[in-house]
Amino acid sequence: MISRKDMPREEEVRIPHVAADLNAPRVLVLNASYEPLHVTSAKRAITLVQYGVAEVLENSPDIVRSPSTILKVPSVIRLRKYVRRPRVHPVPFNRRNVLRRDTFACQYCGSPEELTMDHVMPRSRGGRHNWENVVTACRSCNQRKGSRTPDEAGMPLRTRPRAPTFGVYAHGQFAHWQPEWARYIH
């Protein structure tokens, strides 16, 4: 008989759970060069791994069961052969994607409240309406900055604005963002 003190503590026991929806986009696919390609379903990822087309780099805590087999659901897979990417389509420039790029926070104070769009170089002074000149700002910071540059207003930016990469776009686009992906997406 096992005594209570010999049993593992609850936080030490990690019980995997069965994956709910195998068709949900939740597995990051990397090229052979570790470049992010896209996000695919767990079902497709398991198929690629089983056929030897890809290898698993990270597993999620989910499992898939059949009568004779238990498989871990991958979180990140890498293709074994390099796939030449077609011309990369830029991420569309719009309010939603600017908010995603800036992680839904003011780029001056970090507040997530009452977010607006701010032109770093004001349009009244020749600033353009593009990725490199538009940031997310809370209403009060935007009003305080007015038609001045951040330097003139004494309001330094937290990050330099630039066009987002696949990683930022995938982070905002997919609800099944996995923390393990951060190592592979820049």
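Two strands count as paired if DSSP finds at least two bridges between them. In this predicted model, strand 6 (residues 115-119) and strand 7 are joined by 5 bridges. The two strands run antiparallel. Within this pairing, M117 has T136 of strand 7 as its bridge partner.

Strand 7 spans residues 134-138 and is mostly covered. Of its 5 residues, 5 are buried. The side chains divide between two directions. V134, T136 and C138 point one way from the strand, and V135 and A137 point the other way. Residues of both sets are buried.

H119 lies in strand 6. Its relative accessible area is 16%, so H119 is buried, the cut-off for burial being under 20%. Beyond residues up to four places away in sequence, H119 touches R128, H129, N133, V134 and K145.

E114 sits in the loop between helix 2 (95-101) and strand 6. This residue counts as exposed because its relative accessibility is 54%, and exposure requires over 50%. E114 touches A137, C138 and R139, with residues up to four places away in sequence not counted. The C-alpha atoms of E114 and C138 are 5.3 Å apart in space, although the two residues are 24 apart in sequence.

Terms used. Residues numbered from 1 in each chain as written. Predicted model: local features only at pLDDT ≥ 70, side-chain atom pairs only at ≥ 80, totals over all residues. Heavy atoms only, no water. Buried < 20%, exposed > 50% of the residue type's maximum accessible area, 1.4 Å probe, protein only. Helix = DSSP H or I, 4+ residues; strand = E, 2+ residues; numbered from the N terminus. Contact = heavy atoms within 4.5 Å.
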